[in-house]
Amino acid sequence: MNKLWGIQGQIGSWKKSMRLIGLKGLMGFMGLLGLLGMGFGSCSPEPPLHLYDAQEAMIELSVVDLDFESYWGTVMDLNTNMEIESNWYYGWDAVDVATHGEIGYTLPTVFEVRRYYTGEVPYVKHTGVIRDTIHGNSFQGMYDWGFWDMMLWNEIDAKDGVQSIIIDENSTLDSVFAYTNATMRSTRYNAPRFTHAFNAPEPLLVVYEQGIEINKNLDGFVFDEERNAWVRTLKMTLRPVTYIYLTQVILHNNRGRISSIDGNADLSGMARSTNMNTGRAGDDAITVFFNVNFKKDRDKDGEKVDIIGGRVLTFGICGLQANKISSPSEVKDAHRHYMDFTMQFNNGMDSTFVFDVTDQIREKYRGGIITIELDVDTIPIPTRSGGSGFDAVVKETEDGGTYEFDM
């Protein structure tokens, strides 16, 4: 059973709380009646006066461990961010953290909270929203008796202070969308719809729960004598809606022939957006831009290899609710997925290499390690520079141009 994130709800001291809003409203209303009585005589309100029927409530967040072994398919220890099972050879050091960020999802400390009151009927359209930001693990707010829908997501931790994710809460109250914008980097993967690559989103974890009932009978609550409060546990689970791919191109028999890279890479055919309520990725396919590093003399099962490695987040495969399926056989994917890198050779020439990673993306539809093994002995050293202008579906290898490899 997955252990991801948990949320507990604590409703505090219902019977002892004074409904101040209702009391003030009553006093004001009686004062108004007194003024009216001076000119028109005494009267009584019709229909009978009702106090404002709401209650102060405290929600307390309880964070548990994220179990990558069952969710992601790869063991990661969030305490060190370095313990990955034996098929990850690139590693992750301080330079990688500075370039790409932490290797996995980190525990959020700040959350955005959205509450939607639906009255006496659950699972209906939203007519309003209450917005809160949590610093820490608890917050308080007023709750009318009845049913509530609730959404939480982590505060976006933007690298270099420039946030790529854009949150759209205004199109409709019933869905919150997240998406990213295009870069200045040209790409031919999804032309003519999108002629430029898009920024990768930051890690985004979301929970959306409907039909949470808070009633006058305190059904589902247990009195906690130590806290002197009625306590109820809300069974909610934060799940990623952006998926981490760790990429590594392992260069065998390089012997210095590929000397460096330009640090840029692309992954195509991924979704541009996601519906945060449902976790369904959008239908528009884009190319996602990300950065990579080059490490020499890494150990792979006793062999010294050079590795191009990186980390990219995406909204996943278009149209897929990745958290709702349990097997790659359930993946429906209408797009191919290509990954490219531009490599510099020791003679000063460069070439762009394009790899078809469709099968790996579909197999690891919620993120994972994408590995490419390349024997440099099989690659002719270019005699002219190829640059980064290329076609991802070229059929022939051109000297100094683009190399496409079917994986």
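Reply: Ala, Val, Leu, Ile, Met, Phe, Trp, Tyr, Cys and Pro count as nonpolar, Asp, Glu, Lys and Arg as charged, and the others, Gly among them, as polar. This is a predicted model, in which local features need pLDDT of at least 70 and side-chain atom pairs pLDDT 80 or more, while totals for chains, interfaces and linings use all residues. Residues are numbered from 1 along each chain, and side-chain values use heavy atoms, without hydrogens and water.

Me: What is the volume of the largest pocket?

Reply: A pocket is an open set of points on a 1 Å grid where a 1.4 Å probe fits, with protein on both sides within 12 Å along at least five of seven lines; its lining residues have an atom within 4 Å of a point. For the largest pocket there are 33 lining residues, and His-100, Asp-157, Lys-159, Glu-202 and Pro-203 lie nearest its centre. Its volume, the space filled by probe spheres set on the points, is about 860 Å³.

Me: How many residues in the lining of the largest pocket are charged?

Reply: Helix H3 (94-100), strand S18 (285-300) and strand S19 (303-314) each supply at least two residues of this lining (DSSP runs: helices of at least four residues, strands of at least two). By class, the lining residues of the largest pocket comprise 16 nonpolar and ten polar ones, and the charged residues number seven.

Me: Which strand gives the most to the lining of the second largest pocket?

Reply: The second largest pocket has a volume of about 360 Å³. Of its 15 lining residues, Tyr-208, Thr-237, Arg-239, Asn-277 and Lys-324 are the closest to its centre. Six of the lining residues are nonpolar, five polar and four charged. With four residues, the strand that gives the most is S11 (residues 205-214).

Me: Is Glu-330 buried, exposed or partly exposed?

Reply: Glu-330 is placed in the loop between S19 and strand S20 (338-345). Its side chain reaches the backbone nitrogen of Ser-326 at 3.1 Å. Buried means under 20% relative accessible area and exposed over 50%. Because its relative accessibility is 33%, Glu-330 counts as partly exposed.

Me: Over how many bridges do S7 and S8 pair?

Reply: Three strands form an open antiparallel sheet in the order S7-S8-S17 (two strands pair if DSSP finds at least two bridges between them). The edge strands, each pairing on one side only, are S7 (166-172) and S17 (273-275). Thr-172 has Ser-175 in S8 as its bridge partner. S7 and S8 (residues 175-179) pair in the antiparallel sense, and the number of bridges is four.

Methods. Buried means under 20% relative accessible area, exposed over 50%, partly exposed in between (1.4 Å probe, protein chains only). A polar contact is a pair of N or O atoms within 3.5 Å; within protein, one must be able to donate a hydrogen and the other to accept it, and residues adjacent in sequence count only if both atoms are side-chain atoms.
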